[in-house]
Amino acid sequence: MPTIVVAAGSIDADGRVMMQRRPAGKAHAGLWEFPGGKVEVGEAPSEALVRELREELGIVVDVTSQCSIDFAATEHVILLLFACRCWQGDMIASAADELRWAVPAYLAELPMPPLDVALVQRMLDQRRLDRFTL
Ligand SMILES: Nc1nc2c([nH]c(=O)n2[C@@H]2O[C@H](COP(=O)(O)OP(=O)(O)OP(=O)(O)O)[C@@H](O)[C@H]2O)c(=O)[nH]1
């Protein structure tokens with residue numbers, strides 16, 4: 001059964017998206033990803049995202065402030081991407097070695113895991129990345 005992974009495109013007031021760089025020693029080390037992680041047994045995806053954003057960035061997000069926007073999958077992983085525009089607290093990296101606000105149109109220029117490359121490319125092709133700036 002594939003692992004379900006939830007990830008957040010957190011969007012700031014200027015329409016930029018928060019990306020984090022995976023640290024050495026982890027799968028996909030050095031690549032930029034949307035903050036998030038694996039859904040645990042018994043969790044709803046939105047609850048898992050609230051937990052992951054608290055653990056990884058130290059922010060508090062309400063389940064109702066997230067909106068599921070796309071997904072990408074292999075036989076091993078299903079990656080669910082949410083947009084998130086409201087949170088409490090300042091973002092501090094605890095699972096990443098660097099955080100960066102990225103302009104959506106330039107996301108594809110960051111080295112990313114294969115699933116993210118596919119996801120971002122599809123959103124660019126479908127001109128849906130500007131949703132991030134709505
Ligand atoms: N968070 C996140 N994970 C992603 C993305 N794209 C992608 O392929 N993944 C993969 O999904 C998996 C998520 O695992 P993770 O290590 O972040 O999960 P986790 O926070 O639950 O950590 P843990 O299993 O080390 O406790 C990794 O293999 C990661 O490389 C993405 O955009 N965000």
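Around the ligand, the shell residues split into eight nonpolar, five charged and three polar. The model is a predicted one. The shell counts 16 residues in total. Strand β4 gives the largest share of them, three residues.

**Ligand shell**
- Glu33, Gly36, Gly37, Lys38 and Pro113 are the closest residues to the ligand.
- Four elements supply at least two shell residues each: strands β1 (3-10), β4 (36-38) and β6 (77-84), and helix α2 (114-125).
- Three shell residues come from β4.
- Charged residues number five in this shell, and nonpolar residues number eight.

**Open sheet**
- Three strands form an open sheet in the order β3-β2-β7, and their pairing is antiparallel.
- The edge positions belong to β3 (32-33) and β7 (98-102); each has a single partner strand, so one side of each lacks a neighbour in the sheet.
- Strand β2 covers residues 17-21 and pairs with β3 in the antiparallel sense, over two bridges.
- Within this pairing, Gln20 stands opposite Glu33 of β3.

**Annotated span**
- An unreviewed UniProt entry lists residues 1-125 as "domain: Nudix hydrolase".

Definitions and conventions: Residues are numbered from 1 along each chain as its sequence is written. This is a predicted model: local features need pLDDT of at least 70, side-chain atom pairs count only at pLDDT 80 or more; totals for chains, interfaces and linings use all residues. A residue is near a molecule or strand if its C-beta atom, placed from the backbone, lies within 6 Å of it. Ala, Val, Leu, Ile, Met, Phe, Trp, Tyr, Cys and Pro count as nonpolar, Asp, Glu, Lys and Arg as charged, and the others, Gly among them, as polar. Two strands pair if DSSP finds at least two bridges between them. UniProt positions are given in the numbering used here, feature names are shortened, and annotations may be inferred rather than shown by experiment.
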